[in-house]
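Have the sequence and the 3D view ready as you read.

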Amino acid sequence: MGVPLLHVDAFTAVPFAGNAAAVCVLAAAADERWMQRVASELNLGATAFVTPDATAGFRLRWFSPTVELALCGHGTLATAHVLWERKAAAKEATLEFQTKSGPLRARRRGAWIELDFPLEPEAPAEPPPDLVRALGVTPKYVGRNRLDYLVEVDDEATLRRTRPDFARLRVVPTRGVIVTSAAADPDYDFVSRFFAPAVGIDEDAVTGSAHCCLAGFWRARLGRDGLRGYQASARGGVVQTEVDGDRVRLGGQAVTVLRGELATPPASAV
């Protein structure tokens, strides 16, 4: 019997928008080289591998087409959606995931899913020359956290016009680069884009982990805990954020677009 494999669009309520993730439901831990090969084969921004955890909830790992990811919002959102859809957990249950970034939680809020993630604050940083040249913009502010650089630009029009030099951006020593500005549309508080060629993703469609940084950044500027962000990629997606101490709640929706099974059996963990 094959391994359940689902294709989910996360941070959207309609198919073919938001950020696509694959969710592979495993009975036991698999070899990480096998997981990386599966993720490379599927070639999505993230492939999530979820297994039952003997002590608490589930164990969750995420892989891009080229590397394992330390933190992944849309892969977690997609996984929670799949577990509830497959009735692996009661709809009213809070899901707990053991991950490389510590315990993460998910719960349902009506039609939305709320993720409990670590806040990833940035601090002012001197940008490396290749970063500014690769983006082709004049930064209003540059910061950095443990994962990414954050670059604020003057306005949404500048953000949407940005056409990075991905070959140059690939050599910048960082997972990715968040570009952000205040939103022109009053329905949103801020907009962003996320570029991560170093991990095999030139532009990510909707990046939950980037909002772990954006939530605190815009809270400090706008003076509100609860905010609504729009990631202005070609597919686009909405992320609601609410800072709570050193944690952030990320709100999003998800929709399954394909259900199938992986015919190749998993290699056991070594």
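## Charges over rings

Start with Arg221, which lies over the face of Tyr141, 5.2 Å from the ring centre. Such a charge sits over a ring if NZ of Lys or CZ of Arg is within 6 Å of the ring centre and within 35 degrees of the ring normal. Arg108 is placed over the face of Trp84, at 5.5 Å from the ring centre.

A word on the source: this is a predicted model, where local features need pLDDT of at least 70, side-chain atom pairs count only at pLDDT 80 or more, and totals for chains, interfaces and linings use all residues. Residues are numbered from 1 along each chain as its sequence is written, and side-chain values use heavy atoms, with hydrogens and water left out.

## Rings that pair

Searching the whole structure turns up eight aromatic pairs. Rings of Phe, Tyr and Trp (its six-membered ring) pair if their centres lie within 6.5 Å; planes under 30 degrees apart count as stacked, over 60 as edge-to-face and the rest as tilted.

Ring pairs also link Tyr141, Phe190, Phe217 and Trp218 into a cluster. Are Phe217 and Trp218 buried or exposed? Both are buried (under 20% relative accessible area, with exposed over 50% and partly exposed in between, using a 1.4 Å probe and protein chains only).

## The largest cavity

The largest cavity has a volume of about 120 Å³. On a 1 Å grid over the protein atoms alone, a cavity is a set of points where a 1.4 Å probe fits but cannot get out, and lining residues have an atom within 4 Å of a point. Grid points are joined across faces, edges and corners, and a volume is the space filled by probe spheres set on the points.

Its lining has 16 residues, and Leu69, Arg175, Ile201, Asp204 and Thr207 lie nearest the centre.

## A look at Thr241

Thr241 belongs to strand S16 (residues 237-244); strands (E, at least two residues) and helices (H or I, at least four) are DSSP runs, numbered from the N terminus. Why is Thr241 counted as buried? Because its relative accessibility is 3%.

Leaving aside neighbours within four places in sequence, Thr241 is in contact (heavy atoms within 4.5 Å) with residues including Phe190, His211, Ala215 and Leu250.

Technical notes:
On a 1 Å grid over the protein atoms alone, a cavity is a set of points where a 1.4 Å probe fits but cannot get out, and a pocket is an open set with protein on both sides within 12 Å along at least five of seven lines; lining residues have an atom within 4 Å of a point.
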